[in-house]
Amino acid sequence: MNIERPVKRRYDSPLRRGQALSTRTAVIEAAWRLFAERGYAATSIEDIAGAAGVSRATVFTAVGGKPLLLKAAFDVAIVGDDQPVSLPDRPGSRAIRAEPDPMTYLARYAGLVADMGSRVAPIAEAVRGAAGADGDARELWDAHLAQRRRGAENVVSDLLGKGGRLRAGLSAEAAADIVWVFNDPGLYGNLVLRQGWAPERFQAWLAESMRQLLLASQPG
């Protein structure tokens, strides 16, 4: 006689999911801070566990080993949280793309770059430093550079779609190269974190620099 055995179901609850998310957030924040302060090679899993107030095993369960921790910390720095929503699909980015005026669009884009730079600049140094010796970090850094370049192309495409005119002799590809240089988080790191510029000054300078280098002079 076949006797059906009850299927064991893993107990789950909103409380448990919330605790797991809170733990993951704490681990990622600790990884971001330590990687930024000490660098990738000098930071151990034990260091991250101690800073997050969890066990070593919990770090692996919540996020993973060092390569995954670096990627998670870098990804969260770029978008601002751990939600699986890309930067272009976020409400702030959508609102910027909806701006019809090219000049205002660049000013708002400069605000996005400044906001992102405040989070990304510290850990970007760690990722770039690790890329020379670690294959996973190299892939992460190369993907970051490629994503920034595609983002720069999208900015130029948006400008042209809004009626913006590029400076005489400036191709769309060359314009994207200029935006790619300006959206480098290292620029924020050098001017704001090292030289002490106020974030507002950086944002205003960035917007004006992009306007002058990208767009033709406006009549009147």
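Helices (H or I, at least four residues) and strands (E, at least two) are taken as DSSP runs and numbered from the N terminus. Residues are numbered from 1 along each chain as its sequence is written. The model is predicted, so that local features need pLDDT of at least 70 and side-chain atom pairs count only at pLDDT 80 or more, while totals for chains, interfaces and linings use all residues; side-chain values use heavy atoms, with hydrogens and water left out.

On this basis the chain has 10 helices and 0 strands, and its elements run α-α-α-α-α-α-α-α-α-α from the N terminus on. The mean pLDDT (the predictor's confidence in each residue, from 0 to 100) is 92 for the chain, and 92% of the residues reach 70 or more. Confidence is lowest in helix 1 (residues 14-38), with a mean of 90, and highest in helix 8 (residues 172-182), with 98.

The overall dimensions were examined next. The radius of gyration, taken over C-alpha atoms and compared with a globule rule of 2.2 Å times the number of residues to the power 0.38, is 22 Å for the chain, whereas a compact globule of 220 residues would have a value near 17 Å. Along the principal axes, the C-alpha atoms fill a box of roughly 90 × 45 × 30 Å. The accessible surface, computed by the Shrake-Rupley method with a 1.4 Å probe and, for residues, with only the protein chains shown counted as cover, amounts to about 12500 Å², of which carbon and sulfur atoms supply 53%. Buried residues (under 20% relative accessible area, as against over 50% for exposed and in between for partly exposed, with a 1.4 Å probe and protein chains only) make up 40% of the 220 residues. Of the contacts (heavy atoms within 4.5 Å) between residues at least 6 apart in sequence, 67% join residues at least 24 apart.

Several residues of helix 7 (residues 135-161) were considered individually, among them His144. His144 has a relative accessible area of 6% and is therefore buried; apart from residues up to four places away in sequence, His144 touches Phe74, Ile78 and Pro185. Arg149 is found in helix 7 as well and, with a relative accessible area of 18%, is also buried. When neighbours within four places in sequence are left aside, the contacts of Arg149 are Glu173, Ala176, Asp177 and Trp180. Ala152 likewise lies in helix 7 and counts as buried at 0% relative accessibility. The C-alpha atoms of Ala152 and Val179 are 5.3 Å apart in space, although the two residues are 27 residues apart in sequence. With the neighbours within four places again set aside, Ala152 is in contact with Ala176, Val179, Trp180 and Asn183.

Aromatic pairs were assigned where the ring centres of Phe, Tyr and Trp (its six-membered ring) lie within 6.5 Å, with planes under 30 degrees apart counted as stacked, over 60 as edge-to-face and the rest as tilted. The structure holds 5 such pairs. In one of them, the ring centres of Phe182 and Trp205 are 5.9 Å apart and the planes stand at 75 degrees, so this pair is edge-to-face. Because Phe182 belongs to helix 8 and Trp205 to helix 10 (residues 199-214), the pair ties together parts that are 23 residues apart in sequence. Phe182 is buried, with a relative accessible area of 9%, while Trp205 is partly exposed at 30% relative accessibility.

The pair of Tyr188 and Phe202 is also edge-to-face, because the ring centres are 5.2 Å apart and the planes are at 80 degrees. This pair links distant parts of the chain, with Tyr188 in helix 9 (residues 185-194) and Phe202 in helix 10, 14 residues apart. Tyr188 and Phe202 are both buried. One aromatic cluster is formed by Phe182, Tyr188, Trp197, Phe202 and Trp205.

A charge was taken to sit over a ring if NZ of Lys or CZ of Arg is within 6 Å of the ring centre and within 35 degrees of the ring normal. The charged end of Arg201 sits over the ring of Trp197, at 3.8 Å from its centre, and Lys66 lies over the face of Tyr40, 4.4 Å from the ring centre.

Helix 9 also contains Asn190, which is partly exposed with a relative accessible area of 39%. Asn190 and Ala121 are 69 residues apart in sequence, and the C-alpha to C-alpha distance between them is 8.8 Å.
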